[in-house]
Amino acid sequence: MLSLAYTILEPATMLAILSAVAVFATIITVAMPVLQRDELSSRMKTAALERDKIRARERARLAAEQKNNTRGSLKQDTSGFMHDLVERLNLRKALADENTFSNLKMAGYRKQSHIYVFLFFRLVLPFIMFLAALFYIFVVIDMQRPVMVKLTISLFVAYAGFYAPNLFVKNQISKRQLSIRRAWPDALDLLLICVESGMSLEAAFKKVAMEIGVQSPPLAEELVLTNAELSYLQERRAAFENLAQRTGLDGVKAVSMALIQAERYGTPIAHALRVLAQENRDMRMSEAEKKAAALPPKLTVPMIIFFLPVLFAVIMGPAMIQIFTRTNL
């Protein structure tokens, strides 16, 4: 082990490893746009399936109301090992709440089975991470520490595994919100053009979803679902409120409130959309300016660590070589 460590820590070996890592990162960076899959078609297909589910659910609810004269609730039948385990241990009451369901919707996981998958991994991952940490600490690296220290480290790893699904969902929410936030002003401009040209709101949402899908597939998916809910829900207000809840963005909430007021009072929505589009565009520009202003402080540490040593080496290198040469002479 010591000879392997000394071999790895040699300058030539470290230089070769860093060069290989740099070459690999460069290849991945260049090949990533080429290897990236086009998820627009799959997302649009998922949205269409969701629309069919909404249609079937509403028809079944209406049929139940006509038969029983009551508001019957429909429950999707989800089968599988994860569903059985979660229901047997009653994890929905122990680990899930309203925020959990809303976060999964904002992350793009709307099916009933997604909550069971999420809770299943919250249950299983701590044990998997704990066993992996034990194997790595006791077998792979053979850490020379007391047993209690090793067990404590393994417990911390298991604790991290318990919250790993939450971090994954939050990461997905951040990605979707960033994509929607960047494309939302352009979508409002397209929606304004469609509305002013005489199209209905449902047709405008459908047209904007088709056009904005290249720029932001999550936004296109949300607009398609909103169009489906506008067609099949009893109250159009619920469709706009669901759009705001699924995205969790202030700009989308403001537009949803404007559309709700326009539906309630019969006011024209063209002027409101124009104002809101300009406000969202200004917000996007202010965020870009904020990131640009925060860039110099962030570059200070990388410049000190990476640029200054090289600069000193280039400037002081010839002088130090001449000094050593004269000293040896």
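This is a predicted model: local features need pLDDT of at least 70, side-chain atom pairs count only at pLDDT 80 or more; totals for chains, interfaces and linings use all residues.
1. Start with the largest nonpolar core, which has 36 residues. Helix 8 (147–196), helix 9 (201–212), helix 10 (217–232), helix 11 (236–247), helix 12 (250–265) and helix 13 (270–293) each put in at least two residues. Helix 8 gives the largest share of this core, with nine residues.

2. Next, zoom in on Leu201. Leaving aside residues up to four places away in sequence, Leu201 touches Leu191, Val195, Arg236, Phe240, Leu259, Glu263 and Ile269. There is also another core, lying apart from the largest one; it has 13 residues, including Val86, Ala107, Leu119 and Phe120.

3. Now for the helix pair. How do the axes of helix 10 and helix 11 cross? They come within 8 Å of each other and cross at roughly 160°. Anything over 145 degrees counts as roughly antiparallel, so that is how helix 10 and helix 11 run relative to each other. Their crossing is right-handed.

4. As for who meets whom, helix 10 brings Glu222, Leu225, Thr226, Glu229 and Leu230. On the helix 11 side you'll find Arg236, Ala239, Phe240, Asn242, Leu243, Arg246 and Thr247. Sorted by class, this contact has five nonpolar, three polar and four charged residues.

Terms used. Residues are numbered from 1 along each chain as its sequence is written. Side-chain values use heavy atoms; hydrogens and water are left out. A nonpolar core is a set of buried Ala, Val, Leu, Ile, Met, Phe, Trp, Tyr and Cys residues joined through side-chain atoms within 4.5 Å. Buried means under 20% relative accessible area, exposed over 50%, partly exposed in between (1.4 Å probe, protein chains only). Helices (H or I, at least four residues) and strands (E, at least two) are DSSP runs, numbered from the N terminus. Contact means heavy atoms within 4.5 Å. Axes are lines fitted to C-alpha atoms, for helices over the stretch in contact, and angles run from 0 to 180 degrees between N-to-C directions. Angles under 35 degrees count as roughly parallel, over 145 as roughly antiparallel, 65 to 115 as roughly perpendicular and the rest as oblique. A crossing is left-handed if the near helix is turned anticlockwise from the far one by less than a right angle, and right-handed if clockwise. Ala, Val, Leu, Ile, Met, Phe, Trp, Tyr, Cys and Pro count as nonpolar, Asp, Glu, Lys and Arg as charged, and the others, Gly among them, as polar.
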